[in-house]
Amino acid sequence: MVELIPHGVYLLDGNRIVSDPSGLPSPDESRENTITYGILRAHDVDGSKGKKMRIRFDAMVSHDITYVGIIQTARASGLEKFPLPYAMTNCHNSLCAVGGTINEDDHVFGLSAAKKYGGIYVPANQAVIHQYAREALTKCGNMILGSDSHTRYGSLGNMGVGEGGGELVKQLLRNTWDINAPEVVLVWLEGKPRHGIGPHDVAISLVKAVFESGFVKNKVLEFAGPGVADLPIDFRNGIDVMTTETTCLSSIWITDDKVKEYFEMHRRPEAYKKLEPGKVAYYDSMIRIDLSTQESMIALPFHPSNAVTIHELQADPEGILGAVEADARKRFGDKIQIDLLSKIKDGKVVADQGIIAGCSGGTYDNLSEAATILKGKSIGNDYFTMSAYPQSTPVYLATTRNHIAEELLEAGVVIKPAFCGPCFGAGDVPSNNGFSIRHTTRNFPNREGSKPGQGQISLVSLMDARSIAATAANGGVITAATDIEYTDTHKGYEFDDRIYKSRIYNGFGKADLSVELRYGPNIKDWPKMYPMQDNMLVELAAVIHDPVTTTDELIPSGETSSYRSNPLKLSEFALSRRVPEYVGLSKRIQSEDLQRRAGRVPAHVAEALAKVDADPKETSFGSCVFANKPGDGSAREQAASCQKVLGGDANICYEYATKRYRSNCINWGIVPFTIAPETAFDYQPGDFVFIPGIRRAILGGAEEIDACVIAKDGIHPIHLYFQNLTAAEREILADGCLMNYYKNRK
């Protein structure tokens, strides 16, 4: 179904693929004819065709987990007003389950900031972040930057990029997003999906094919081919938003009359423009997807790439679920008691919960087909439960007018307002050992809200809404939608924006600096952060040997989200579900550095520095995390900022899972060191790493440095890399963080 072509190809006249370059322009010249490069070059402020790009975006989006910190950082860095449309949605901290008033305090702050600086404020439960962007901000040929990793609007002709808050701060201050000119991967769609196949089936197959090998990491996916024409817009959006899980940089699609109709329906016909590659376009690699052979899929815990067809699961439930149990025991040891095999009843796998939600699941088309499948049936009154979350109030309104909500409710499905909670563990958390099937974006460990450190475990698998509905109609027995008969006769979607006109504050271009920001007691400024010193001594406060460490493990989601306007409070949760001792160790290290700065060098720090003949006055002391491959998943900058708040100075790994996590580290003054796998050392918590002359090396343009590990059994050499840093990023690291960088240049 998914074929990977690892070599470069040319696309001629938008319809013929050739590999032979004879008589054709060079790859570098022809890559400029991709849709990707047409958009990127138009947004590159340097206006050149070089290997580096400095991008300014057309619009930005944030939600209520991130916008407070972004605005606080930008204010501290000299913000005057929002220079581009900036929409702040309230779709994450929409529950007040913990913390009293603090979620709503953030919302009031957001509205006051929109009034003061000229922003767009979308109240709670009006829309999830990415659906609002699709409906109101996208435009063919434009670029949108979001502080959420699933910022993807390529199916509407608008490149979307998810980054940490620091990158949004740069745009608010009219600086740039700096990248190496990326490789472009042609995703060639052929055929037409069979009845019962939905966008999540295709997306899961794509992620399965490319994630582990890193085939598209930090590259742009460009979708084209005859298969695009038969896909409805909701189907395209559903595939597109999941490209984040491939670790690609961004995505873009050819546009056609269906996209034109989309913008016309949303009363923005001027936003449409036909996008297609030039006559001779070069792609660095290619993915061929035959949609006609697509099967109904299920992505098993604990990653969207851990996927099999539903028919394969039905054929070998013991073997497949047994492997998941073994993985869980390897991850969590004896902290949890997992019993996934108990979900096999009479040879069939039975789920406990079904969820259709968020930017990927809660589309009109998904809900329409799910309602059709469930019409006249019941999810039953046993342990199986099901919830559906329309992704915006206009979508919700259309489901009520066209009897979709009615049919879901009659079947026993609970319908809830627009909210991203099920995607990150804030709402519909399953019971211990509960097995949930979801049309949402991720199924990482802890992502559903369980706490393995406290003996809890629940397990999420990703499925398309159609197969979730088929499963619900079959008493919770995992069922492929391709195995049932149904005909969707609901009316097509019609957008009605009257709710938005009534509730959304659209203040772009109307900044009023006389407006006072409204603060609640949980909204705190960032603590003082120190500039880099001549030398660096770090102590390993966490050593993680998992193949990949997700941002959900670096800073958990769920109830911690309410504290993301309070850096000190939030930092208490750093690595809490993976390395519970990390916070205590980091605080001790931070306290000892403050003693050093006051001239009272702790004995064991003095002893370590004496071994390498280093001056304590010229050598900082901070904490460090070692992990094999950290940062997969969310764009949330708090995965890095919490480390910095706790005195973190560096991370060491073999590679960073995503560009956005590495960028977050840099913006918070954490040096993103890497090492070569063959130089691996048996690191232990409590080991020191000494990096002499690091400030001079960073500012001098070096990309690697000799250092040493001070372990219990002696001193061992280590060679550290810090490659591909821009001049500005080097100064940010030297200044200690992005805020200091801006303060020093006022």
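A residue is classed as buried at under 20% relative accessible area, as exposed at over 50%, and as partly exposed in between (1.4 Å probe, protein chains only). The model is predicted, so local features are reported at pLDDT of at least 70 and side-chain atom pairs at pLDDT 80 or more, whereas totals for chains, interfaces and linings use all residues. Residues are numbered from 1 along each chain as its sequence is written, and side-chain values use heavy atoms, with hydrogens and water left out.

By the accessibility criterion, N664 is buried, with a relative accessible area of 2%. N664 is part of helix α24, which covers residues 659–667; helices (H or I, at least four residues) and strands (E, at least two) are DSSP runs numbered from the N terminus. With residues up to four places away in sequence not counted, N664 has contacts (heavy atoms within 4.5 Å) to G164, G165, A635, R636, E637 and A640.

Two loop residues are also buried. T34, in the loop between α1 (27–31) and α2 (35–43), has a relative accessible area of 3% and is buried. Its side chain reaches the backbone oxygen of R31 at 2.8 Å. Apart from neighbours within four places in sequence, T34 touches V184, E222, A281, Y282 and Y283.

L231 is located in the loop between β12 (220–224) and α8 (233–241) and is buried, its relative accessible area being 0%. Contacts of L231, with residues up to four places away in sequence not counted, are made to L189, P193, R236, I239, W253, K258 and L291. The C-alpha atoms of L231 and M1 are 17 Å apart, while 230 residues separate the two along the chain.

Two packed helices are described by the angle between their axes and the distance between the axes. For helix α13 (residues 364–374) and helix α17 (residues 465–473), the angle is about 20° and the axes lie 8 Å apart. Helix α13 is therefore roughly parallel to α17, a class that takes in angles under 35 degrees, with over 145 roughly antiparallel, 65 to 115 roughly perpendicular and the rest oblique. On the α13 side, the contact involves D365, N366, E369, A370, I373 and L374, and on the α17 side A465, R466, A469, A470, A472 and A473. Of the residues in this contact, eight are nonpolar, one is polar and three are charged; Ala, Val, Leu, Ile, Met, Phe, Trp, Tyr, Cys and Pro count as nonpolar, Asp, Glu, Lys and Arg as charged, and the others, Gly among them, as polar.

Key
Axes fitted to C-alpha atoms, helices over the stretch in contact; angles between N-to-C directions. Polar contact = N/O pair within 3.5 Å; in protein donor to acceptor, adjacent residues only side chain to side chain.
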